[in-house]
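Welcome to this short briefing. Please have a look at the model below, and then walk through the notes that follow.

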Amino acid sequence: KPTVIFFEGDSTAPIRVDNSMVFRASLDRAERLPSEHAMPGFCQDLAQVYCGGDVRVRPYRSRPTVGFCGHASAPKEEVRYALLQHSPRWLLKLLLRLGMSSEIAIGRALRRRAMRRLAAVKGVECNFVVRQRFWNGVYGSDGQMNLQLAQESRLAFVQNLLDSDYALCVRGFGNYSFRLYEALSLGRIPVFINTDCVLPYDRWIDWKRYVVWVEQSEVDRIAETVQEFHASLTPAGFADLQRSCRQLWDEWLSPHGFFAQFHRHFEG
């Protein structure tokens, strides 16, 4: 019988099961199999949990505020990322032979690079809280969670989203951004860096209507892209877009919304 598989994890390795459809959050578009489809990172309804179900619409200001609260790389990892991405092949081979590691957390390096570029432009307000460890180190060396630190870190994360017009959303270990869905649930506009991702329902959703779309190769122009996007909006349009982001999450990307639209994959 036909099988539907749901895979929750960071891996992009193919799942080869005959006569199946695979739904997963982490996908590389260039290597995607015809049987693979994107699903969201299912997150809390942050507006319901922290805002009583309301979208706290931010007023339009001429300088857009871009927020980020989370784990990013050390500067040396960003340098290594730049070398791996832009060095001529002969120089790259030499650097590797001299001992430079080819292993790198692309998402962490891209986050730091994007934040550095945003901070260099006066026309963008930056609201960055950079953590040195994943989830602010809430797990100790014994594997136990520090519940108080976890709660404080979560509140800081949500407050950072609420205090920002735009949310910087970059892949993590997997090739997808969980933060993308959390931002949309609060009615915040994502600044999405596309690392050859596959987004849910991209046959039906015009994603570029809802996010500031930045290709990985254009991350050095991220500040200018945000400024141009923001300047194209009227105050009323800015408010409407925040509500539309929340509506998109509610109707298509929340657990209820995703499965309410799920039949589309089997029609035509």
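Two strands pair if DSSP finds at least two bridges between them, and helices (H or I, at least four residues) and strands (E, at least two) are DSSP runs, numbered from the N terminus. With that in hand, R24 stands opposite A38 in β3. This is a predicted model, where local features need pLDDT of at least 70, side-chain atom pairs count only at pLDDT 80 or more, and totals for chains, interfaces and linings use all residues. Residues are numbered from 1 along each chain as its sequence is written, and side-chain values use heavy atoms, with hydrogens and water left out.

**The three-stranded sheet**

- Three strands form an open sheet in the order β1-β2-β3, and their pairing is parallel.
- At the edges lie β1 (3-7) and β3 (36-38), each of which pairs on one side only.
- Neighbouring strands here are turned by 25° against each other on average, direction ignored; axes are lines fitted to C-alpha atoms, for helices over the stretch in contact, and angles run from 0 to 180 degrees between N-to-C directions.
- Strand β2 (residues 20-24) runs parallel to β3 and is joined to it by three bridges.

**S20 in the sheet**

- S20 belongs to strand β2 and counts as buried at 11% relative accessibility; buried means under 20% relative accessible area, exposed over 50%, partly exposed in between (1.4 Å probe, protein chains only).
- Its side chain reaches the backbone oxygen of V17 at 2.6 Å.
- Beyond neighbours within four places in sequence, S20 is in contact with T3, I5 and S35, where contact means heavy atoms within 4.5 Å.

**R131 in strand β5**

- R131 is found in strand β5 (residues 125-131), and with a relative accessible area of 18% R131 is buried.
- Although R131 and H71 are 60 residues apart along the chain, 4.6 Å separates their C-alpha atoms.
- Setting aside neighbours within four places in sequence, the contacts of R131 are C69, G70, H71, A72, N136, S153 and A156.

- Buried residues of α5 include A150, S153, F157 and L161.
- Covering the buried residues of α5 are, among others, α1 (46-51), β4 (65-71), β5, β6 (166-169) and α6 (178-185).
- In the loop between α5 and β6 sits S164, which counts as buried at 1% relative accessibility.
- Not counting residues up to four places away in sequence, S164 touches R58, T65, V66, G67, N127 and R188.

**Helix pairs**

- α6 packs with helix α8 (residues 235-253) at an angle of about 115°, their axes being 7 Å apart.
- Y181, L184 and S185 in α6 meet C245, R246, L248, W249 and L253 in α8.
- By class, that contact of α6 with α8 has six nonpolar, one polar and one charged residues; Ala, Val, Leu, Ile, Met, Phe, Trp, Tyr, Cys and Pro count as nonpolar, Asp, Glu, Lys and Arg as charged, and the others, Gly among them, as polar.
- Helix α4 (residues 106-119) and helix α7 (residues 222-231) cross at roughly 60°, and their axes come within 7 Å.
- A114, R117 and L118 of α4 make this contact with I222, A223 and V226 of α7.

Technical notes
Polar contact = N/O pair within 3.5 Å; in protein donor to acceptor, adjacent residues only side chain to side chain.
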